[in-house]
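Here is a friendly walk through some side-chain interactions in a protein model. Please keep the viewer open as you read.

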Amino acid sequence: MPMQNLVMFKELGLSDEILLAIQRSDFTVPTPIQEKTIPQIFLGHDLLIEAQTGSGKTACFAWPILQQLSANKQEDNNSIQALILTPTRELALQVSGALYRFGEFLTSKVSVLTVIGGESIAQQTLTLASGVDIVVATPGRLLDLIGQNLLSLSALKFLVLDEADKILDLGFAAELDLVLKEISGVRQNLFFSATYPDKVLDIVKRISAAPLHLKIDDVTPIVENIFQRVIQVNKDNRGMLLRHLIKEEKWRNALVFVSSKVAAHNLCEKLKKSGVNAGTIHGDLSQPERNKALSDFKERRIDFLVATDVAARGIDINKLSLVINFDLPRSPADYIHRIGRTGRAGEIGLAVSFIGHEDQEHFYLIEKRAQIKLDREEVLGFELTGDAPERVRGVEAVKGKRKSKKDKARELSLNQINKA
Ligand code: AMP
């Protein structure tokens, strides 16, 4: 394993207390986005940062905010200093977790509260009353608390919109609008977003006069350290194929994406029936159930987590080696998001997509947008059969193609993954 280079972190302006937390992690060097943004954050600029999940973006804002709030801590100050807004409860919990970990060695402690629906409002109210420095929240529950005068955003020093595009995509525009109306005064605004559609830029313009736009050009595209396989199979055979591959290729641990809650439930039940240790995470589960599914998966009490996009958005599972697109995602951006959960921070990951006749055209579009071109493969005994609908006819499978150079590389990476 490469040596940790703490000097590189120190050069970004990070204090010894933050460095202690970094020392305890397995981070070797700052990620490109950390190198570029952290010094700018310390200079106090408003920033618009183009960042994907998996780029190390949480630390970009967590380290400077913790460091500055701790250094300027006034014990008698009871107002909230930093607000971090996220699109999902899972991402909120993950960000809070990172803040707790990174803040562990601060001499003047910085308190963090996660304000999300599905968890006890009474407990959140109680904690607020005792004074909180950083609130990590999804827009809905935050508004509840503001509406009841239990929380005020009038003295914010930092506002972070994490995954701003997702906040808007998930239909929180109106709620975000209301939250922003509650914020006044001078503060530093940091916007993190994977994409910059007009709706994001409109929000940015409303709350920040001239943010610096940081784009990380020199990052290896997320797909480069992810080995992508596309397996052609009839829709009805996907469940059997998955069980076959789990057995034959010794898949141990994977996030399996499906397109609906019903599909998540059904696939999970089928896997369990065949002896696979599986669980689900989807929108119909209560928050405690979702938290449990996630921690069961993270701590390897379950090996396969069947998830819908919304439930899985933003969740970070360290060193996930395999992501399976049992159903294709709706958009090319979601494809990148899904497979971005594997191959994190320099690790090799594997992403496998099952495609049937009806998915061919859609998968071409995904490839085009993601600027990739992938071989189609078929697994013996599970070949794609039957007629393709008229408009996708003519698609050629790489049938019978075995042990090409790529196949061998794939086998090699799989073996490495299985050993890890
Ligand atoms: P994020 O993009 O914030 O979701 O971070 C993705 C993953 O990268 C998390 O598991 C972080 O703990 C990890 N990470 C953050 N900074 C670094 C770093 N400098 N080196 C290696 N991994 C990192």
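Is Glu 104 buried, partly exposed or exposed? Glu 104 is partly exposed, with a relative accessible area of 39%. On this scale, buried means under 20% relative accessible area, exposed means over 50%, and partly exposed lies in between (1.4 Å probe, protein chains only).

## Ground rules

This is a predicted model, in which local features need pLDDT of at least 70 and side-chain atom pairs count only at pLDDT 80 or more, while totals for chains, interfaces and linings use all residues. Residues are numbered from 1 along each chain as its sequence is written, and side-chain values use heavy atoms, with hydrogens and water left out.

## Salt bridges across the chain

Side chains of opposite charge can pair when their charged atoms come close. The structure holds 21 salt bridges, each defined as a side-chain nitrogen of Lys or Arg within 4 Å of a carboxyl oxygen of Asp or Glu. One of them joins the side chains of Arg 24 and Glu 104, at 2.6 Å from N to O. This pair links distant parts of the chain, 80 residues apart: Arg 24 sits in helix H2 (residues 16–24), and Glu 104 in the loop between helix H5 (89–102) and S3. Helices (H or I, at least four residues) and strands (E, at least two) are DSSP runs, numbered from the N terminus. Arg 24 is partly exposed, with a relative accessible area of 45%.

Asp 177 and Arg 206 also meet through their side chains in a salt bridge, at 2.4 Å from N to O. Here too the pair links distant parts of the chain, with Asp 177 in helix H9 (residues 173–181) and Arg 206 in helix H10 (residues 198–207), 29 residues apart. Asp 177 counts as partly exposed at 25% relative accessibility, and Arg 206 counts as partly exposed at 45%.

## Around Arg 206

What does Arg 206 touch, leaving aside neighbours within four places in sequence? Arg 206 is in contact with Asp 177 and Leu 180, where contact means heavy atoms within 4.5 Å. The C-alpha atoms of Arg 206 and Leu 180 are separated by 9.0 Å, and the two residues are 26 apart along the chain.

Asp 296 forms a salt bridge with Lys 292, and their closest N and O atoms are 2.7 Å apart. Because these residues are four apart in helix H13 (residues 287–298), Asp 296 and Lys 292 are separated by about one helical turn. Asp 296 counts as buried, at 10% relative accessibility. A network of salt bridges links Lys 292, Asp 296, Glu 299 and Arg 301.

Thr 114 lies in strand S3 (residues 112–115) and is buried, with a relative accessible area of 11%. Not counting residues up to four places away in sequence, Thr 114 touches Ala 92, Leu 93, Ser 96, Tyr 100, Gln 124 and Val 136. The side chains of Thr 114 and Ser 96 make a polar contact at 2.8 Å. A polar contact is a pair of N or O atoms within 3.5 Å; within protein, one must be able to donate a hydrogen and the other to accept it, and residues adjacent in sequence count only if both atoms are side-chain atoms.

At the start of helix H6 (residues 121–129), a side-chain oxygen of Ser 120 reaches to within 3.3 Å of the backbone nitrogen of Ala 122. H6 is followed by Gly 131, which has a positive phi near 100°.
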